[in-house]
2 protein chains.
Amino acid sequence: MPHTTAPMSLKSLARELGISAATVSRVLSGQAERHRISIATRDRVLGAARASGLVVDQLARSLRLRRTQSIGLLIPDISNPFFAQLARQIERRARHHGYSVLIADSEEDADVEAAAMTLMLSRRVDGLIVAPVGTPATDNPLRSLGGRPCVLVDRLLEQPSLPAVTSDHRHGAELATQHLIARGHRRIGCVEGSPGTFANDARIAGWRAAMASAGLAAGDDLVAGTGYSVDAGVAAARTLLRRAERPTAVLALGNVLALGVLQAAREERIIVPDDLSLVAFDDQLWAAVTSPALTIVEQPIEALGREVVDLLLERIAAPLDDPPARRILPVRLIERESVRDLGAGRVVPAPPAQRTPDPPAPAHGRAGAR
Amino acid sequence: MPHTTAPMSLKSLARELGISAATVSRVLSGQAERHRISIATRDRVLGAARASGLVVDQLARSLRLRRTQSIGLLIPDISNPFFAQLARQIERRARHHGYSVLIADSEEDADVEAAAMTLMLSRRVDGLIVAPVGTPATDNPLRSLGGRPCVLVDRLLEQPSLPAVTSDHRHGAELATQHLIARGHRRIGCVEGSPGTFANDARIAGWRAAMASAGLAAGDDLVAGTGYSVDAGVAAARTLLRRAERPTAVLALGNVLALGVLQAAREERIIVPDDLSLVAFDDQLWAAVTSPALTIVEQPIEALGREVVDLLLERIAAPLDDPPARRILPVRLIERESVRDLGAGRVVPAPPAQRTPDPPAPAHGRAGAR
DNA sequence: TTGAATTGCGCAAACGATTGTGCAACTCTG
DNA sequence: CAGAGTTGCACAATCGTTTGCGCAATTCAA
């Protein structure tokens with residue numbers, strides 16, 4: 001029978017029962033045995049607590065215990081599907097361990113990030129999971145968390161050496177590039193996200209490595225991009241596609257960027273994959289129904305969430321475990337229809353475009369529905 | 001100069017300065033004037049606070065103030081792009097007003113929802129924003145929040161009469177249906193999400209109304225669907241597409257469902273929009289690059305977030321404002337390429353096969369050649 | 001019958017902030 | 001120079017829990 005009006009507290013329950021708050025507290029926290037509370041008293045407390053719908057105040061509890069049973073999550077853009085899914089996995093795993101999650105969106109802005117982090121620390125989160133915007137300034141809270149553990153996710157940082165969990169961005173890019181090279185592509189461009197962030201730069205490095213070991217040029221004229229938005233993707237793709245020597249393939253270092261590439265290609269009347277092959281990062285539900293269905297480097301989002309939470313919780317339980325562990329999770333390539341096989345080693349220059357209707361592509365790989 | 005080791009508190013700062021915590025508190029909260037703290041003391045406090053990187057403990061503050069400056073957000077699936085965007089807007093607006101957001105994902109499960117809500121209440125959120133899973137049981141916390149305000153979003157509820165903000169789901173469905181009817185469609189199906197949830201049912205009602213006022217049948221044989229997932233969408237679309245009298249158009253009551261429809265159509269070798277027109281709900285970045293680009297009923301997500309936060313904060317500031325306001329925000333139709341014009345008023349029957357009442361599962365849909 | 005052991009629980013001090021009240025030490029005023 | 005007014009801050013209670021310590025009352029042993 002819920003009292004709609006009663007902001008019942010442990011204290012008031014104790015008063016009603018004519019016993020001390022201490023006893024109620026001990027009963028409710030299962031310490032009845034250890035403190036030799038009589039069975040009778042215990043049952044009376046339990047019964048009354050249930051009947052009144054008592055929920056103990058976590059605020060007061062946290063204050064006393066110096067532990068909030070909550071963690072902070074700092075994400076650059078929660079509306080980016082990759083981070084949305086990651087956030088979901090993290091929240092789910094944390095809940096599984098009895099932790100709540102305080103989420104903030106840094107909007108890829110270092111100041112917002114710093115402010116949000118300070119706020120979370122002032123709310124006494126037990127630990128922090130951060131996908132950092134970039135290398136933090138010296139007065140950034142990331143550098144002096146109040147002794148509370150912090151684990152990075154998706155993006156590593158050199159400067160403050162913190163434990164981290166990411167997927168193997170570099171290898172993902174290598175895989176994608178090798179895939180294209182094996183299908184005869186020689187000029188392969190990159191539409192990048194935010195230069196300077198770890199995931200982005202690692203992917204660029206992977207691309208460069210693969211190109212180099214195939215003896216191919218990987219100059220700056222093959223890279224463009226200024227951020228993880230569709231518009232930035234469109235602009236970058238346009239730049240690349242208008243180069244004198246147009247790439248026959250591009251890597252889009254993010255699924256939102258792939259949308260930009262697709263859109264730019266439409267505008268320029270360039271057919272994917274006939275005139276331009278495309279490999280994108282981060283699988284999404286819709287990646288199988290774009291035209292064409294996208295070949296994708298998939299990150300293990302669920303594993304990322306699980307690992308990062310577990311790692312943080314380990315640190316919370318036993319701090320000061322000095323060597324900041326780094327877990328790099330494997331990625332895999334999902335082949336769909338956005339890559340054209342140019343045949344053995346031949347570079348086929350793109351023909352002057354002319355719009356052909358979209359072929360009724362048959363369904364292929366299923367989007368990663370978890 | 002950040003003390004990496006100092007968990008500085010207002011209290012300890014006061015001790016260091018040789019003054020009382022009361023004074024420090026008053027200075028830090030800008031009450032120096034009102035309490036006639038001398039300029040000298042004020043500056044000494046401010047300086048020391050800045051130098052030591054002091055952040056006041058919000059836990060203790062909240063306990064004393066009986067106000068946490070935080071709100072809870074309960075979402076059925078944060079990885080659904082619609083809710084992810086909504087969450088972002090809500091978090092952003094709340095932050096703008098100085099509130100933090102505690103997010104939980106109910107996974108469309110009433111028990112998880114109830115547990116999460118209880119947890120949030122025990123963490124003393126000042127208010128709650130909920131997209132409810134369904135009509136809550138009598139012992140659901142939604143029915144007896146501890147006197148704290150709660151605003152629903154996206155989904156209304158009849159039972160506990162709470163203020164709410166949604167978009168005009170019903171009118172959106174009417175718009176979409178009228179759009180199709182105006183283009184000559186007569187058999188228009190619905191792929192629904194979770195029957196019983198408000199948004200879903202309102203859309204169905206809108207569809208029925210539009211069909212009825214055009215004198216068209218809107219029977220249950222034109223509706224299918226069991227949830228907001230791609231797989232559910234595929235299954236529902238398959239059911240519809242295999243009916244003896246196949247619809248010439250379908251409404252997908254959610255963007256993820258549209259992906260399912262697209263996929264099912266591929267499998268059945270039915271070309272969109274040539275053989276089947278499609279209108280979906282909730283615009284997404286990728287909706288413009290699917291094949292074909294999707295005609296969409298768009299919800300004003302930013303406005304939804306803004307309104308729901310503002311409404312909640314009003315309630316927090318001045319509770320007991322009895323009439324539970326409901327704000328219904330307008331939607332609009334974005335025309336793209338997934339609807340075919342069948343010509344003025346001509347009823348183009350789907351392949352006029354033999355009239356079989358509800359065949360459970362005919363072998364395979366005809367190859368939609370025409 | 002008495003001292004020791006056991007049982008069952010309450011007292012009170014934290015945790016770290018906020019705030020109404022009080023009280024010295026000045027500064028005026030006449 | 002005495003009383004009144006002002007200035008500048010400290011005291012202590014409070015928010016709701018948790019927990020070390022202690023103390024009555026009962027039971028037991030001798």
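How many salt bridges are there between chain A and chain B? The count is 10, a salt bridge being a side-chain nitrogen of Lys or Arg within 4 Å of a carboxyl oxygen of Asp or Glu.

This is a predicted model, in which local features need pLDDT of at least 70 and side-chain atom pairs count only at pLDDT 80 or more, while totals for chains, interfaces and linings use all residues. Residues are numbered from 1 along each chain as its sequence is written, chains are lettered from A, and side-chain values use heavy atoms, without hydrogens and water.

Select Arg88(B) and Asp77(A): they form a salt bridge, with the closest N and O atoms 3.2 Å apart.

Next, select the side of chain A that touches chain B. Its residues divide into 29 nonpolar, 15 polar and 14 charged; Gly counts as polar here. The contact (heavy atoms within 4.5 Å) takes 58 residues from chain A and 56 residues from chain B. About 5300 Å² is buried between the two chains, 59% of it from carbon and sulfur atoms; this is the accessible area (1.4 Å probe) lost on putting the parts together, summed over both.

Now colour chain A by pLDDT, the predictor's confidence in each residue from 0 to 100. Chain A averages 88, and 91% of the residues score at least 70. Over residues 345-370 of chain A the pLDDT is below 50. Where pLDDT is low, the predicted coordinates should not be read in detail.

Last, select the domains of chain A, whose bounds come from an automatic or database domain assignment: domain 1 (10-56), domain 2 (65-167 + 302-329) and domain 3 (169-299). The centres of domain 1 and domain 2 of chain A, taken over C-alpha atoms, are 37 Å apart.
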